[in-house]
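Take a look at the chain below.

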Amino acid sequence: MTIWQEYISAYRSILPMKIEPSWANWSSKGTVLNALTHSHPYLLKSRQVDISDGKNADIFNCIAYPKTGSNLPCFGMDLMKFSPKKIIIVFDFQHPTENYVYSVDGLPKHEGDYRFFEPGNHFSENIYIRYCTPSEVNDHLDMFITYLTKYKNMLELEKPTGTDTSVYKDFDAYMTKLDPVGGYLAGKFGADKADRLVNDFLFCYG
């Protein structure tokens, strides 16, 4: 079972969605990858990728893209276990507009600099990043629920209905360049599959 089960359960409980048919279900070199989307009345989509080798790697990546017209951010999470000594928890409100400073009152502000996450450029001032051990994973669950509940309230307040995917063009193009997973995926599933996953599924609006 994934170490991220409590986070996944919270996500699906707070934002109930319909799970759509899988986009990919790959297995190679002892590693399994699943890619799928969820549908929700106020989201264009919520897309998810989970990767596991049954030993060290246990990765859950998901971004919820709200329907347009209300200037709402996405909600993104990178829950990454590469080994028992390298576990990283990231979740945030990710605004689609470049260099848009986004902040939510009542939530902690980021501290420090991070290579792959640049607050103020699609990432918010509240980006939550923690390194932890396996036994500490669920210590951050309450904060995750707090962030996600704030996001649910944003959606329910605005009730967005627009479907203009061009709003996310810059966001997805930026994330495509930033995302470090392409090389890892190419090593496991080949360059062609990795490119298709990144460009046709993960960040298809770019």
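How much accessible surface does the chain have, and what percentage of it belongs to carbon and sulfur atoms? The model is predicted, and its computed accessible surface comes to about 9900 Å². Carbon and sulfur atoms hold 49% of that area. As for burial, 46% of the 206 residues count as buried.

Now the fold. The chain has five helices and eight strands. Starting at the N terminus, the order is α-β-β-β-β-β-β-β-β-α-α-α-α. The radius of gyration is 16 Å, close to the 17 Å that the globule rule gives for 206 residues, so the chain is as compact as a globular protein of that length. Along the principal axes, the C-alpha trace spans about 45 × 35 × 30 Å.

Contacts come next. Take those with a separation of 6 or more: 58% of them join residues 24 or more positions apart.

Then the charges. The chain carries 21 positive and 25 negative ones. Their mean positions lie 6 Å apart.

Last, the cysteines. How many disulfides does a search of the whole structure find? The count is zero. A disulfide needs two cysteine sulfur atoms within 2.5 Å. The closest cysteine sulfur to that of Cys62 is in Cys74, 11 Å away, so the two are too far apart for a bond. Cys62 is buried, at 0% relative accessible area. For Cys204, the closest cysteine sulfur is also in Cys74. That distance is 12 Å, again too far for a bond. Cys204 is partly exposed, with 35% relative accessibility.

Notes:
Residues are numbered from 1 along each chain as its sequence is written. This is a predicted model: local features need pLDDT of at least 70, side-chain atom pairs count only at pLDDT 80 or more; totals for chains, interfaces and linings use all residues. Side-chain values use heavy atoms; hydrogens and water are left out. Helices (H or I, at least four residues) and strands (E, at least two) are DSSP runs, numbered from the N terminus. The radius of gyration is taken over C-alpha atoms; the globule rule is 2.2 Å times the number of residues to the power 0.38. Buried means under 20% relative accessible area, exposed over 50%, partly exposed in between (1.4 Å probe, protein chains only). Contact means heavy atoms within 4.5 Å. Accessible areas come from the Shrake-Rupley method with a 1.4 Å probe; for residues, only the protein chains shown count as cover. Lys and Arg count as positive and Asp and Glu as negative; His and the chain ends are not counted. The place of a charge is taken as NZ of Lys, CZ of Arg, CG of Asp or CD of Glu.
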